[in-house]
Amino acid sequence: MNAAARVALTAAVPLAWLGALAGALLLLAIDLLCWPLARLGRRAPRDDSPPTRDASVVVLNWNGLHFLRELMPSLQVAVARCPGDHEVIVVDNGSADGSVDWLRAQCPWAKVVALPTNRYFIRGNAAGATAASRDLLVFLNNDMRVEPDWLAALLAPFGAPELFATTSRIEMQGTRRETGLTRCFVRHGELRFVQPPGGPGAGQPALWAGGGSSAFDRRKYDALGGFEDLYYPMYVEDVSLSWQAWRAGWRVEYAHDSVVHHAHRGSAAKAFGREGLERLDWRNRELFFVRNVTDPLLVLAHALCFGWNLRKQAALRGVPVAHGVRAAFAAIPRLPRAIWLRQAARLRHRRSDRDVLRASGCVSGRPTEANS
């Protein structure tokens, strides 16, 4: 981005704020019009019977042969140590580094789905889910190494009818901190996603199940539509899916004894670069709010503080505020789809947004160990 474009986008912050305010009022008007239909369909019966503990482990790969050499031996051990009839599926996103040949020669126990081009995270994992045949879907990034009891600990909680997903404890390689215990806090109209330190204990709620280290009840995953193409190519799709699961009356649990070691953004950084990833994440967080949050006070607060939050997020991310304006404008073509999904989802809601925050262990104010 050249200097002139950056200045122009920075000057557009007031315009973006006015657009956000007008959009929030329109959104609430649409919610009001659709409210009677949502009330009529909300109590429809559904099948919440628990699944078996048989899992399809889906690994997504793109030019990650060096990662697979570390992941696959550890994954083979973890699958062998977990009771049940499991399968491993590696979806290759059109790699050019010999990944497919290596997998077929060295890992005959894994099914390889070789895609001709890079479909990135959401569509690549969709191809894996299509190929999967078990009751549980486990998504695992290729830039991981798993502990021997990772899968057994991840699947152990399944059996409760209200359980939607479990998510692993993450041990990071590098400076960025992720823990797997996912929460958020509300500040200036924003839902700020955080990962405080986790601790042992069963049944701990998590706001979302990370798309690269979690297990999902396949029936519930399909009922909610899986990782939505609204967020293509990646980011925040796992938060959105889990938010909808909480609103449907289900729950997500943190599995402290299920441990993965993660080299953050090992493949994505090569495809998009740091600034590109930041813009994708920023754009999709705005789409998340439109698609999911229906509490009128939260919607209005988000719009009223939009300009402030653009500048605050730019400072937190260490990028010019123009990047935030650009990300917000990039969300505009996807807003009609987000609004449609928002209204369709209201038929499944059993909890309010504030009920979700309480049930998932989220807080108001700033946690002392929060890392967004």
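This is a short talk about one predicted protein model, from the whole chain down to a few single residues.

Hi everyone, and thanks for coming. Before the tour, some ground rules. The model is predicted, so local features need pLDDT of at least 70 and side-chain atom pairs count only at pLDDT 80 or more, while totals for chains, interfaces and linings use all residues. Residues are numbered from 1 along each chain as its sequence is written, and side-chain values use heavy atoms, with hydrogens and water left out.

Let's start with the whole chain. The secondary structure comes to 14 helices and 12 strands. Helices here are DSSP runs of H or I with at least four residues, strands are runs of E with at least two, and both are numbered from the N terminus. The chain has 372 residues, and 55% of them count as buried. Buried means under 20% relative accessible area, exposed means over 50%, and partly exposed is in between, using a 1.4 Å probe and protein chains only.

The accessible surface of the chain is about 15,500 Å², and carbon and sulfur atoms hold 58% of that. Those areas come from the Shrake-Rupley method with a 1.4 Å probe, and for residues only the protein chains shown count as cover.

Picture a 1 Å grid over the protein atoms alone: a cavity is a set of points where a 1.4 Å probe fits but cannot get out, a pocket is an open set with protein on both sides within 12 Å along at least five of seven lines, and lining residues have an atom within 4 Å of a point. Points are joined across faces, edges and corners, and the volume is the space filled by probe spheres set on them.

The second largest pocket has a volume of about 500 Å³. It is lined by 22 residues, and Gly19, Ala20, Gly23, Val290 and Leu335 are the closest to its centre. Two or more lining residues come from each of α2 (13–41), α9 (268–292), α10 (296–304), α12 (321–331) and α13 (335–345). Which helix gives the largest share of this lining? That is α2, with eight residues. By class, the lining has 18 nonpolar residues, three polar and one charged. In this scheme Ala, Val, Leu, Ile, Met, Phe, Trp, Tyr, Cys and Pro are nonpolar, Asp, Glu, Lys and Arg are charged, and the others, Gly among them, are polar.

Helix α2 also holds Trp17, which is partly exposed at 29% relative accessibility. Leaving aside residues up to four places away in sequence, Trp17 touches Ala303, Leu304, Phe306 and Gly307. Trp17 and Gly307 are 290 residues apart along the chain, yet their C-alpha atoms are separated by 5.3 Å.

What about enclosed space? Searching the whole structure turns up one cavity of 30 Å³ or more. The largest cavity has a volume of about 190 Å³. Its lining has 16 residues, with Glu190, Leu191, Arg285, Glu286 and His302 nearest the centre. At least two lining residues each come from β8 (190–194), α9 and α11 (306–317). This lining has seven nonpolar, four polar and five charged residues.

Next, look at helix α5, residues 120–131. Its 12 residues reach 17 Å from first C-alpha to last, close to the 16 Å expected at 1.5 Å a residue; the expected span is 1.5 Å times one less than the number of residues. Its buried residues include Phe121, Ile122 and Gly124. The buried residues of α5 pack against β1, β2, β3, β4, α7 and α8. Tyr120 is in this helix too, with phi near 60 degrees, a positive value in a residue other than glycine.

The loop between α7 and α8 is worth a stop. Pro233 sits there, joined to Tyr232 by a cis peptide bond with omega of about 10 degrees. Tyr235 is in that loop as well, and it has a positive phi of about 90 degrees although it is not a glycine. Is Tyr235 buried or exposed? Tyr235 is buried, at 16% relative accessible area.

Last stop: Ser360, in the loop between α14 (353–359) and β12 (363–364). Ser360 is buried, with a relative accessible area of 0%. Not counting residues up to four places away in sequence, Ser360 touches Arg183, Pro205, Ala206, Leu207 and Trp246.

Technical notes
Contact means heavy atoms within 4.5 Å.
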